Amino acid sequence: MKLLPCSAAKTSSPAVQNSVEDELEMATVRHRPEALELLEAQSKFTKKELQILYRGFKNECPSGVVNEETFKEIYSQFFPQGDSTTYAHFLFNAFDTDHNGAVSFEDFIKGLSILLRGTVQEKLNWAFNLYDINKDGYITKEEMLDIMKAIYDMMGKCTYPVLKEDAPRQHVETFFQKMDKNKDGVVTIDEFIESCQKDENIMRSMQLFENVI
């Protein structure tokens, strides 16, 4: 199974490296059953699925974490026609729930569980967190514009029909007009979810978000 690769720390000699790997392996084996049972309870994957995902993640990422630069490099391979750097940054921060600059296996599974098997409510909560760049509980027009510009940059110049330069801003203006119910200049999570669930056009627009995950 091919997952995000990451760099393991270099050691001075094979003997030292093997020793470190053996210690990590023992620690992993010792703690894995409890961790997998906990993840099974916290996600919508079965224990067997988690074991398969864990094996793939561990093979590609012995250090157990993916940093932002590696995440960006991998993500860019899916969108060679555009620049995915900024969107990958926002997406990485959405996966990095404890904001420590790395995505662990636990972070990966929790995000993947929502994106693949979450309810509409859970997916919208996750989307709100993505758009709420500074994590203050509100989405401003500027934050939404930053995300939208990043998506358009990632899709590149090869879209059909060709998009106008002000397309992201127009898209955001449409979103905000419908979402900001009390016209206070910010969108709360309740406004965001209510608007998305009630408006078919916005729900279709959410597919753009889903397609770039």
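Modeller: Let's start at Glu-37, which has a relative accessible area of 46% and so counts as partly exposed, sitting between the 20% and 50% cut-offs. Keep in mind that this is a predicted model. Glu-37 pairs up with Lys-47 in a salt bridge, with 3.8 Å between the closest N and O atoms. Glu-37 belongs to helix H1 (residues 14-42) and Lys-47 to helix H2, so this contact ties together parts that are ten residues apart in sequence. Lys-47 is partly exposed too, at a relative accessible area of 30%.

Lys-44 has 34% relative accessibility, which makes it partly exposed, and Glu-122 gets the label partly exposed at 30%.

Now follow helix H2 (residues 47-60) to Tyr-54. A search of the whole structure turns up ten aromatic pairs, and one of them joins Tyr-54 to Phe-105, edge-to-face, with 5.3 Å centre to centre and 75° between the planes. Phe-105 is in helix H5 (residues 105-117), 51 residues away from Tyr-54, which makes this another link between distant parts of the chain. Tyr-54 and Phe-105 are both buried.

Helix H6 has an aromatic contact as well. The ring centres of Phe-128 and Phe-192 are 5.6 Å apart with the planes at 70°, and over 60 degrees counts as edge-to-face, so that's the label here. Phe-128 sits in helix H6 (residues 120-131) and Phe-192 in helix H9 (residues 189-198), so the pair ties together parts 64 residues apart in sequence. Phe-128 is buried, and Phe-192 is buried as well.

To put the charged contacts in context, the whole structure has seven salt bridges. Among them is Glu-69 with Lys-72, at 3.9 Å from N to O. These two are three residues apart in helix H3 (residues 68-76), which means about one helical turn separates them. Glu-69 is partly exposed at 49%, whereas Lys-72 counts as buried because its 18% falls under the 20% cut-off. Shared partners then join Glu-68, Glu-69 and Lys-72 into one salt-bridge network.

Terms used
Residues are numbered from 1 along each chain as its sequence is written. This is a predicted model: local features need pLDDT of at least 70, side-chain atom pairs count only at pLDDT 80 or more; totals for chains, interfaces and linings use all residues. Side-chain values use heavy atoms; hydrogens and water are left out. Rings of Phe, Tyr and Trp (its six-membered ring) pair if their centres lie within 6.5 Å; planes under 30 degrees apart count as stacked, over 60 as edge-to-face and the rest as tilted. Helices (H or I, at least four residues) and strands (E, at least two) are DSSP runs, numbered from the N terminus. Buried means under 20% relative accessible area, exposed over 50%, partly exposed in between (1.4 Å probe, protein chains only). A salt bridge is a side-chain nitrogen of Lys or Arg within 4 Å of a carboxyl oxygen of Asp or Glu.
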